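Please consult the sequence and structure shown here alongside the text.

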Amino acid sequence: MTQREREIYEIIRDMPMIEQSEIAQKLNITRSSVAVHITNLQKKGYILGRGYLLKEQDYIIGIGAANVDIHGKSKKSIILRDSNPGNMNSSAGGVTRNVSENLARLGAPVRLITALGDDIYADQIRNECTAAGIDFSHSMVVERHPSSTYISILDENGDMFVAMSDMSVLQRMSMEFLKSKSGIISGAKFITCDAGLPEEVLEGILDVYGSQTPVCIDPVSCTYAEKLKPIIGKVDTLKPNRMEMEVISGIKIQNETDLERASDVLLEKGLKHVYVSLGADGCFYMNRDGVKIKRALKPLDQMVNATGGGDAFMAAVLYARLYDFNVDETVDFALAAGVAAISYKGTINPNMSVSLIEKILEERK
């Protein structure tokens, strides 16, 4: 699907009875051009029959953490072992949940399978997911167990100083439960997970579903990254930061040559795509075909909250692949999504959208 076809498809999805002339007016193109693009969409199977009947949409399924995030940002340099004045906020979080919400805000169909406790935090997570447009109906509830909670302390610049999490409820998820959801999982175009899942579940997802459906994984932390070392060859897409990449590859990364070598090690084991987050230095991408891209956008003068950048990046990668962006477009789109995320005080930027990402690219590419 081309960019213009995607724009027309999204308009028709939202307004199935719209006239071609109205589409042309919205996009500032001729009606005859709209007709050609619609014909192409019909040939490709995206539009079925008369009246712009759309085929059932491809969707992405997330399997992983959903928790309540509590953030505190210090107003001044942090003094250890003392009370520091700051600003506090809380919202639903968790890597896979955050990726799912960003996808939903971008307009991609997304479903989430996670584990919740039976407390007030579970209500908050459920309500925020539903409000964001995430299909939450396939998740599990563990009675008499607290929901996952994450707390982070940010320095005066908005960068993470320290964080702590309790995700023990996620360890109650099993392959037996996921196999009861086989229909919905098998039907997905992509599966996105985080390494906070139990090791046997991560391996089970890759073994049962990975041969048919690309599985994209965020390592989350160096500790969780250890789980991925024996199974990395079954993963389609990995999005580590530099330290997580060192853990999984076993190579100390001090320069770009090391980064390429570490990527080669994982790709030779069977990994297909790797996007290494380099913070202010952007992203390094490499795939099994030998394509290498290192790119960064113009940095922000002031980062507001660094914690959601990686989740937005992963969501944008999945969105770009769902809609057939090329590799260069995918990297740019993901970098701009990361900028959109770290420009907002919360983990998720509620203004996340394709138009916002495109605006950021115009300003910062």
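This is a predicted model: local features need pLDDT of at least 70, side-chain atom pairs count only at pLDDT 80 or more; totals for chains, interfaces and linings use all residues.

Helix α14 spans residues 354-364, and its buried residues are Val-354, Ile-357, Ile-360, Leu-361 and Arg-364. Viewed down the axis of α14, these buried residues fall within an arc of 125 degrees, so they line one face of the helix.

The face of α14 that is turned away from the buried side carries Ser-355 and Glu-362, both of which are exposed.

Across the whole structure, a search finds 18 salt bridges. One of the pairs that form such a bridge is Arg-126 with Asp-123, whose closest N and O atoms are 3.3 Å apart. Both residues belong to helix α5 (residues 120-132), where they are separated by 3 residues, about one turn of the helix.

Are the two partners buried, partly exposed or exposed? Arg-126 has a relative accessible area of 28% and is partly exposed. Asp-123 also counts as partly exposed, at 39% relative accessibility.

## Salt bridges between distant parts of the chain

Asp-207 forms a salt bridge with Lys-234, and the closest N and O atoms of this pair are 2.8 Å apart. The pair links distant parts of the chain, 27 residues apart: Asp-207 lies in helix α8 (residues 199-208), and Lys-234 lies in the loop between α9 (222-225) and β13 (237-238). Asp-207 is partly exposed, with a relative accessible area of 44%. Lys-234 is likewise partly exposed, and its relative accessible area is 36%.

A further salt bridge joins Asp-236 to Arg-321, with the closest N and O atoms 2.8 Å apart. Asp-236 lies in the loop between α9 and β13, whereas Arg-321 lies in helix α12, so this pair ties together parts of the chain that are 85 residues apart in sequence. Both Asp-236 and Arg-321 are buried.

Definitions and conventions
Residues are numbered from 1 along each chain as its sequence is written. Side-chain values use heavy atoms; hydrogens and water are left out. Buried means under 20% relative accessible area, exposed over 50%, partly exposed in between (1.4 Å probe, protein chains only). Helices (H or I, at least four residues) and strands (E, at least two) are DSSP runs, numbered from the N terminus. The arc is that of the directions from the helix axis to the C-beta atoms. A salt bridge is a side-chain nitrogen of Lys or Arg within 4 Å of a carboxyl oxygen of Asp or Glu.
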